[in-house]
Amino acid sequence: MQIVVGGGTAGLAVASRLSVELPDQCILVIEAGPAAWDEEKINIPGRKGSTLGGPYDWNFTTVAQPDAAGRVFNINRGKVLGGSSALNLMTWDRGARADYDAWEELGNEGWNWENFITAMEAVETFLPDPRYDGDGVGYDGPIHTTINRIIPPHQEGFIPALESLGVPENKASLGGDPLGVMTQPSNIRASNYTRSYSPTYLSIAGPNLHVRTNTTVSRLSICNSDDGVTVDGVYIGDELVQATQEVILSAGSVQSPQLLELSGIGQEEVISAAGIEHVLSLPGVGENLQDHLRIQTSYYLKDQYTSFDDVRVNATLAAEQLALWRSNEESLYDYTGSGYTYMTWDQALGANGSAHMAALARESADLSNPVDAKKLEYLTTSLNASVPELEVIFSDGYTGVRGVPAVANHTTRFFTLIAVVQHPFSRGSIHLNATTPSGKPVIDPNYLSKSYDLQAAKEAAKYTRRIAQTPALRKFWAAEYEPSAGAVQTDADWEQFARNTTLSIYHPMGTCHMGSLEDGGVVDKDLKVHGVQGLRIVDASIIPIQPSAHIQTMVYGIAEIAAKKIAGDYQ
Ligand SMILES: Cc1cc2nc3c(=O)[nH]c(=O)nc-3n(C[C@H](O)[C@H](O)[C@H](O)COP(=O)(O)OP(=O)(O)OC[C@H]3O[C@@H](n4cnc5c(N)ncnc54)[C@H](O)[C@@H]3O)c2cc1C
């Protein structure tokens with residue numbers, strides 16, 4: 001029996017594929033959360049975000065972040081069958097070739113663009129659309145993707161706005177070159193406009209796949225003998241579930257490292273301080289935490305334009321639109337964002353601005369760390385013409401930090417430009433809490449702790465204002481609402497704005513990263529935990545270096561590659 005810990009994004013994908021590839025083996029998935037097949041907050045695209053902070057969310061938080069005005073950040077993670085794929089905002093994209101080739105260059109043989117794109121294409125069934133005209137999409141996978149049919153009228157200004165700033169349209173952004181401005185797909189099943197997420201994989205699984213929901217693994221069962229350290233099962237409280245083959249940890253970037261530490265694998269001082277017997281020293285466990293930073297500006301629409309805000313504040317309209325969605329007709333509740341741009345600093349800031357960012361990157365990078373060295377290469381070699389450093393999302397409605405005005409009504413309608421910094425240098429950690437080891441771990445991403453990251457957040461926010469002020473978009477809005485042009489003008493104002501309002505865009509990764517022991521790696525190229533028999537990790541925690549993209553397609557790709565490798569070992 002193979003045991004998969006965590007029925008989330010990667011967990012269900014790897015388990016389902018294994019059940020097909022290894023029909024004679026039993027595959028057991030153990031998931032802490034419930035199945036929520038009929039939950040409209042998950043299924044309705046326009047309700048994305050409504051599950052955050054609720055029962056399907058683990059509701060983790062960071063420790064106070066000194067460089068972000070001492071704020072404590074929410075770290076949302078799915079606690080439900082499907083994991084974070086049930087909570088995510090359905091952006092479906094991919095990074096640049098170099099983002100994937102970097103894995104191999106960091107010493108992980110076979111982990112490159114060519115293998116990743118084959119795996120990522122196997123994940124999806126893309127609905128052909130005249131707005132996409134390139135390679136890089138799949139047509140026969142379990143996850144359905146489509147370019148959203150709801151495009152608000154004011155989004156029509158987004159592509160021309162970017163074009164007027166010198167950023168060309170890209171109709172083939174999933175094929176390894178994401179630079180440009182485009183209309184991107186979401187993971188939506190177009191036949192009924194529902195979220196398509198990892199539980200869909202179960203439809204391809206064989207009868208040898210079993211799922212236990214509402215069941216939390218407390219630690220791994222470890223056999224420590226002269227032959228070394230072997231994992232032979234998992235504990236659910238006092239119950240031992242034995243694995244005859246392997247245990248696959250897919251508990252995600254927060255809990256995979258925590259489960260290793262609860263089982264005695266990781267840094268001795270962390271584990272001993274929690275009163276747990278230390279079994280194996282693996283200094284990389286819980287380290288190398290990377291995340292993408294987001295910062296946003298919002299604009300009041302002119303009176304003649306409606307927006308997604310209407311469904312939030314107008315109960316009658318909301319009921320009407322919900323009825324339409326439920327009868328499978330076009331509805332405002334179909335909405336997910338589809339306007340995106342990915343660009344280099346050269347494109348966003350020109351040669352001088354870009355050179356300044358490169359100088360700050362040199363100051364921020366720890367060159368003894370191969371991940372930092374690679375990120376610096378993106379900025380200081382010819383790669384700086386092909387690897388995006390800045391993303392801007394056109395988001396209908398208000399999604400900022402300031403909060404909707406106290407007297408929100410149908411005339412307070414917005415659009416928001418969300419900018420995302422692709423390769424910040426701040427790295428942090430996730431470790432168990434010595435006083436409550438099984439409780440919420442200590443998460444410290446060190447947001448904005450590097451000069452590059454702070455400047456990037458400032459420039460990103462400033463650039464969103466520049467986009468909004470192009471004639472193509474200016475015609476749609478009446479006034480800037482956040483930060484409010486009157487309030488933020490000087491460099492010092494932007495710095496304060498960045499420290500006060502930068503958020504995570506929900507992509508923690510890297511806490512059990514793939515790499516050599518010398519480089520602090522936790523798993524090898526076959527996803528096996530260094531120095532441990534019978535244990536692999538398959539989830540976002542193994543990503544060594546963050547890509548210039550949202551990460552779910554990469555996570556699914558990891559699961560597809562993992563399934564081939566694991567099955568190959570038994571066939
Ligand atoms: C709010 C939000 C918005 C996002 N938006 C996007 C987006 O638009 N596009 C995009 O590409 N990416 C997005 N992401 C990121 C992406 O969804 C995640 O990176 C990805 O889903 C992580 O997959 P995973 O398999 O590593 O972990 P998860 O999918 O989180 O799976 C981990 C699973 O393990 C379970 N688990 C944990 N501990 C235990 C235990 N001890 N016992 C049993 N089960 C356990 C959890 O309940 C969970 O189901 C978003 C994420 C969030 C949270």
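Two residues are taken to be in contact if their C-beta atoms, placed from the backbone, lie within 7 Å. Helices (H or I, at least four residues) and strands (E, at least two) are DSSP runs, numbered from the N terminus. A residue is buried if 20 or more other C-beta atoms lie within 10 Å of its own, exposed if 12 or fewer, and partly exposed in between.

The structure is a predicted model, in which local features need pLDDT of at least 70 and side-chain atom pairs count only at pLDDT 80 or more, while totals for chains, interfaces and linings use all residues. Residues are numbered from 1 along each chain as its sequence is written.

The buried residues of helix α3 are R97, D99, Y100, A102 and W103. Their cover includes α4 (113-123) and α11. Just after α3, G107 adopts a positive phi of about 110°. The loop between β4 (74-75) and α3 (97-105) holds L87. L87 counts as buried because it has 26 C-beta neighbours inside 10 Å. Leaving aside residues up to four places away in sequence, L87 touches T51, L52, Y56, D57, N76 and G78. Between L87 and L22 there are 65 residues in sequence and 30 Å in space, C-alpha to C-alpha.

**Helix pairs**

Two packed helices are described by the angle between their axes and the distance between the axes. Axes are lines fitted to C-alpha atoms, for helices over the stretch in contact, and angles run from 0 to 180 degrees between N-to-C directions.

| Helix pair | Angle between axes | Axis distance |
|---|---|---|
| α1 (residues 9-21) and α15 (residues 552-570) | about 30° | 8 Å apart |
| α10 (residues 345-364) and α11 (residues 370-380) | roughly 165° | within 9 Å |
| α10 and α12 | about 155° | 8 Å apart |

Angles under 35 degrees count as roughly parallel, over 145 as roughly antiparallel, 65 to 115 as roughly perpendicular and the rest as oblique. With axes at about 30°, α1 is roughly parallel to α15. The crossing of α1 past α15 is right-handed, a crossing being left-handed if the near helix is turned anticlockwise from the far one by less than a right angle, and right-handed if clockwise. On the α1 side the contact is made by T9, A10, A13, V14, R17, L18 and E21, and on the α15 side the residues include V555, Y556, I558 and I566. This contact comprises 12 nonpolar, two polar and three charged residues, where Ala, Val, Leu, Ile, Met, Phe, Trp, Tyr, Cys and Pro count as nonpolar, Asp, Glu, Lys and Arg as charged, and the others, Gly among them, as polar.

Helix α10 packs against two of the helices described here. For the pair with axes within 9 Å and a crossing of roughly 165°, α10 is roughly antiparallel to α11. This crossing is left-handed. From α10, M357, A358, A361 and R362 meet L376, L379 and T380 of α11. The contact divides into five nonpolar residues, one polar and one charged. Helices α10 and α12 are likewise roughly antiparallel to each other. In that contact, α12 contributes S451, Y452, Q455, A456, E459 and Y463, and the α10 residues include A348, L349, M357 and A361. The classes are eight nonpolar, four polar and two charged.

Helix α12 (451-468) and β18 (293-301) are among the elements that cover the buried residues of α14. Those buried residues of α14 (residues 491-501) are W494, F497, A498, R499 and T501.

**Strands and sheet**

Two strands pair if DSSP finds at least two bridges between them. An open sheet of five strands has the order β11-β2-β1-β15-β27, with parallel pairing. Its edge strands, β11 (209-212) and β27 (535-537), each pair on one side only. From one strand to the next the twist averages 20°. Strands β1 (residues 2-5) and β2 (residues 27-30) are joined in parallel by four bridges, and Q2 has I27 as its bridge partner in β2. Helix α1 packs on this sheet, where it touches β1, β2, β11 and β15 (247-249), and its direction makes about 165° with that of β2.

Elsewhere, strand β20 (residues 390-396) is mostly covered, with seven of its seven residues buried. L390, V392, F394 and D396 point one way from β20, and E391, I393 and S395 the other way. Strand β19 (residues 339-343) runs antiparallel to β20 and is joined to β20 by five bridges, with G339 opposite F394. Strand β21 (residues 414-421) also pairs with β20 in the antiparallel sense, over seven bridges; here V420 is the bridge partner of E391.
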